[in-house]
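Me: Please take me through this model in short questions and answers. Give the cut-offs as the terms come up.

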Amino acid sequence: MEKLKIYNSLTQKKEIFKPITEGFVGMYVCGPTVYSNVHLGNVRTFMSFDMIYRYLKHIGYKVRYVRNITDAGHLTDDNSEDKISTKARLEKLEPMEIVQKYTVDFHKVLDKFNLLPPNIEPTATGHILEQIETIQKILDNGLAYVVNGSVYFDVLKYNETEHYGILSKRVIEDAIENTRALDGQSDKKNPQDFALWKKAEPEHIQRWNSPWSVGFPGWHLECTVMSTKYLGNQFDIHGGGMDLKFPHHECEIAQAKACNHVDPVNYWMHTNMLTLNGKKMSKSTGNHILPSEIYEGTSKFLSKPFSPSATRFFMMQAHYSSILDLSNDALLASEKGYNRLMEALQIVDYLEPSDTSDFNIQQWRKKCYDAMNDDFNTPVLIAHLFDAVKHINLIKDKKEKISKQDLELLSKTLKDFTFDVLGLENNAIKEDNQDILKGVIEMLIDMRAEAKANKNYALSDEIRDKLKELGVQLKDSREGTTFSIIN
Ligand code: AMP
Ligand code: ZN
């Protein structure tokens, strides 16, 4: 089997993955800023890392997966205010009410799409003290300065001995060009310097004491602090969407090096964007889909609802590093493929084995692992899974044979990749279960009616009471008995 290779944005090469500690992986992914509902584009990024987390675990690594919640410090584009504070003021809510509302929404959405929770989900507001300590260290190391109660990272000074731009491959002069237009503040020595701590204006609601002012931490800082706190000063994987590479991740590297004198991350991974009908998904232009609109079918862009699992399948059909365009036609095509895969999974355990096999399962299985070991290539993996689907259908039609041992391996491998690695769920089985449950309850209702007709009230009451204990409430009326599920 091929060794696991990961495309490292830092070196711009696919590299053989070598964890710092054999058998263990530390992975940090930038989480959401919880000031509004996540859109489907955000979901794609978190789903890509969920697949990566699942696969690392599947091949035997013990993974510590940390994904933060940004609940303070993420400034608006003109850098004048914090996104959460702005929203809190507009909605006349406590900032923590905003944070709670959208954190709950975020978790609900990810659960719908069957994403596993991370092992640690730290919040920026829960780590203010650690952020203050880190700022102090950077000041002590001479790479930050204080102006009017705010603390800024000194990019030019840092760049004298280190390379600001190492990740984004930007030349510092370009960075100066890019930041000048956005910057209206005179506090900074140079426009490309970024805030580690900002003094709070009187209207700013989220504020904490610090040695420099009553204020709040800069956004880039929280990720440096929380990743190194839980994963060590050097850890294996750091991920996020492509758009976070600069300035966010570039600043993270600079802060960590300025504080701890070592490169914080061995493998930087960046996932690509989800577009809608060929255009960037964005809230401001209205060209976006909320996760609920896809499974409730309420989006004007879609002809029908699509289940979270069929949507997940659609996303897994693209490599995480490619742009993926969402459209009604693309979803319809993916849904067909998803259904075909699920049908094959439902019949695989009922196939009749023979003495010999007509195709080489070991070789097929190796191809599946090789695809995933080649930088988590899910589209190639899915093509191999469909190869298995083709064989399953031929075996069902008695046009091909498979041995008992091979059949067991085929079934296990197909299920492992579909459910454990790609994180798909079988909607058909869920719906079938609903039908089975309804059938069983109706059968018990009939048996209870028969017991009553025979004056066997002890039995009819027992059926009613036991069903109630299980959460099934029966209701008798002149037309007959109906039921409702009460929990
Ligand atoms: P934010 O809450 O804005 O920091 O975004 C959370 C994550 O979603 C980040 O990793 C972004 O890079 C990612 N993201 C934002 N827009 C998209 C998009 N259209 N497609 C994929 N990922 C996105
Ligand atoms: Zn981050």
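Reply: Metal donors here are N, O and S atoms within 2.8 Å of the metal (3.2 Å for Na, K and Ca), and water is not among the atoms, so sites may look incomplete. This is a predicted model, in which local features need pLDDT of at least 70, side-chain atom pairs count only at pLDDT 80 or more, and totals for chains, interfaces and linings use all residues. Residues are numbered from 1 along each chain as its sequence is written, chains are lettered from A and ligands numbered from 1 in the order in which they are written, and side-chain values use heavy atoms, with hydrogens and water left out.

Me: Which residues coordinate the zinc ion (ligand 2)?
Reply: The donor spacing in sequence is C-x192-C-x24-H. The donor atoms are two SG and one NE2, at 2.0 to 2.2 Å. The residues are Cys30, Cys223 and His248.

Me: How many residues apart in sequence are the parts that Cys30 and Cys223 tie together?
Reply: Helices (H or I, at least four residues) and strands (E, at least two) are DSSP runs, numbered from the N terminus. Cys30 lies in the loop between strand 3 (24–29) and helix 1, while Cys223 is in helix 7 (residues 219–231), so the pair links parts whose separation in sequence is 193 residues.

Me: Is Cys223 buried or exposed?
Reply: Buried means under 20% relative accessible area, exposed over 50%, and partly exposed in between (1.4 Å probe, protein chains only). The relative accessible area of Cys223 is 1%, and that of Cys30 is 4%. By this cut-off Cys223 is buried.

Me: What is the volume of the largest cavity?
Reply: On a 1 Å grid over the protein atoms alone, a cavity is a set of points where a 1.4 Å probe fits but cannot get out; lining residues have an atom within 4 Å of a point. Grid points are joined across faces, edges and corners, and a volume is the space filled by probe spheres set on the points. The whole structure has one cavity of 30 Å³ or more. The volume of the largest cavity is about 50 Å³.

Me: Which helix gives the most to the lining of the largest cavity?
Reply: The lining includes Arg44, Ser48, Met51 and His319. At least two lining residues come from each of helix 1 (40–58) and helix 10 (308–316). With three residues, the helix that gives the most is helix 1.

Me: Which residue is joined to Phe246 by a cis peptide bond?
Reply: Most peptide bonds are trans. Here omega is about 0° for the bond between Phe246 and its partner.

Me: What is the phi of Gln12?
Reply: Gln12 sits in the loop between strand 1 (5–8) and strand 2 (13–16), and at 46% relative accessibility Gln12 is partly exposed. Gln12 is not a glycine, yet its phi is positive, at about 55°.

Methods. 1 Å grid on protein atoms, 1.4 Å probe; cavity = no way out; pocket = protein on both sides within 12 Å on 5 of 7 lines; lining within 4 Å.
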